[in-house]
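Here is a short briefing for a reader meeting this structure for the first time. It moves from the whole chain to single residues.

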Amino acid sequence: MTVAPPPLVQVACATCGADRPTRVAHEGPLGIVRCGGCGLLYVSPRLAEPQAHYHGDRDAVLRKYGAILRGERGHNRDPNYEQELGVLRRLKPTGRLLDVGTHCGFFLRKARGLGWTLVGVEPSPIGAALAQEFYGLDVRNALLEDAGFSDGSFDLVTMVDVFEHVGEPMTVLGQVRRVLRDDGLLFVKVPNGRYNLFKYRLFRRLMGLREVEIFDAKEHVVHYTAETLRATLAAAGFKVTRAFVPLPIQDGARWKCALRSVAHVLARVQRALGGGFGPLATDIAVVAEKGSLGHMLGRAAPSHSVRPADSEKAL
Ligand SMILES: [Zn+2]
C-alpha cells in the first residue's frame, strides 16, 4: 500500500497579499518564492498543515526531549536563550512576559526567577502539557487569538524561533499588539532568509548537490530577511528599536559548529561596519515597540519593495 503524499496548497504573500511570486529555491515539491509585491520569502506551495506534527505523538516528544525535560541535560539552545534573556532583562526587567509558541517551555524555563511573571501560549496540547508538568509553567493550550488574554495585559511578548512557523503573521501580530501594553516590547527571533538562500546556492552550485534541505520548508513557512521582518512588523504597527545578530543555534558535527562560530563573528563585524544582516548571520533578533499603524506594507508604501541587499542599514 502506498501512502498518499500530504496535501499541498498554493498561498499568496501573507504580509502584503500579492500573488505574483518568483521561485528562488525548492525542497522537494515545496517552493521557496519571493513575493513580487514586498520581497518576502515564503513557501508556496507548502504543506496544507505544516505544524500538524506538533500535535502528534507524546511518546515521540518524550523520547526526543525527555532528558532535557527531566533536567538530566541542557538544551543545545540554552546559550541562545541566555543571550536573548540577557538583552530583554536590560530593556524590560520586570512585568508580565508572554511567550508565544512556548513549545515544551524550554525558553521560559530559563526565564524563571529573573523578575517576570511568565505566561506561555502553545497550540500543541503535548507541548503545553509537558511545559506544565515538568516546569510548572503557566502555559495555555490555544492559539493566541483564542487564549482569552485581556487587552494591554503584558509588558513583554516573545516569539523565539517561532515566527517563521506562522502562516498568518498579520493575524498573530495584531493579537500581540492588542495584548501588549502601550509601553510594552515585542521580541522576535527568526532564521535569516538571506543566510538560508546563500547556503542553498552554495550547496547546489558549488557542491553540486541537487536536493538539499536548508529552509526546513515543511514547517518554516516564511523566511524573513532583516528588511522584510522590519516591514512586516511595521505593517502591523510595530517599530523596530533594536536588532542584533544572535548566537547561532549549534548542533551537529564539530566542524559545522566551528564554521557557524566563524560566520557569526564575521556577521557581527559586517553589521558593526554598517553592512546590515548579510548572508553570514544565521538568525535575526529584533526588539520592537508599538508604533503607528500608518504605513501598510505593499499597499500604501511601495518603497518597501525589497531588492536583495537593499535598505538593510536602516536596522
Ligand atoms: Zn508580499
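The protein has eight helices and 13 strands. Its radius of gyration is 19 Å, close to the 20 Å that the globule rule gives for 315 residues, so the protein is as compact as a globular protein of that length. The model is predicted.

**Overall build**

- Along the principal axes, the C-alpha atoms fill a box of roughly 55 × 45 × 40 Å.
- Of the 315 residues, 44% are buried.
- Among contacts with a separation of 6 or more, 69% come from residues 24 or more positions apart.

**A four-stranded sheet**

- Four strands form an open sheet in the order E2-E3-E4-E11, and their pairing is antiparallel.
- Strand E2 (22-27) and strand E11 (222-223) stand at the edges. Each has a single partner strand, so one side of each is left without a neighbour in the sheet.
- Strands of a sheet pair through backbone hydrogen bonds, in either a parallel or an antiparallel manner.
- E2 and strand E3 (residues 30-34) run antiparallel and are joined by five bridges.
- His 26 stands opposite Gly 31 in E3.
- Helix H6 (residues 193-206) lies across E2, strand E4 (41-43) and E11. The helix runs at about 70° to E2.

**The nonpolar core**

- In soluble globular proteins, nonpolar side chains tend to be buried together.
- The largest nonpolar core here holds 83 residues.
- Tyr 42, Val 157, Leu 186, Ile 284 and Val 286 touch the most other members of that core.
- Which residues does Tyr 42 contact, leaving aside its neighbours within four places in sequence? They are Cys 13, Ala 14, Val 33, Cys 35, Val 221, Val 222 and His 223.

**A buried lysine**

- Lys 189 lies in strand E10, which covers residues 180-191.
- Is Lys 189 buried or exposed? Lys 189 has 24 C-beta neighbours inside 10 Å, and a residue is buried if it has 20 or more, so Lys 189 counts as buried.
- Leaving aside neighbours within four places in sequence, the contacts of Lys 189 are Glu 84, Val 160, Asp 161, Pro 246, Asp 283 and Ala 285.
- Val 160 is 29 residues from Lys 189 along the chain, yet their C-alpha atoms are separated by 5.0 Å.

Notes: Residues are numbered from 1 along each chain as its sequence is written. This is a predicted model: local features need pLDDT of at least 70, side-chain atom pairs count only at pLDDT 80 or more; totals for chains, interfaces and linings use all residues. Helices (H or I, at least four residues) and strands (E, at least two) are DSSP runs, numbered from the N terminus. The radius of gyration is taken over C-alpha atoms; the globule rule is 2.2 Å times the number of residues to the power 0.38. A residue is buried if 20 or more other C-beta atoms lie within 10 Å of its own, exposed if 12 or fewer, and partly exposed in between; C-beta atoms are placed from the backbone. Two residues are in contact if their C-beta atoms, placed from the backbone, lie within 7 Å. Two strands pair if DSSP finds at least two bridges between them. Axes are lines fitted to C-alpha atoms, for helices over the stretch in contact, and angles run from 0 to 180 degrees between N-to-C directions. A nonpolar core is a set of buried Ala, Val, Leu, Ile, Met, Phe, Trp, Tyr and Cys residues joined through C-beta atoms within 7 Å.
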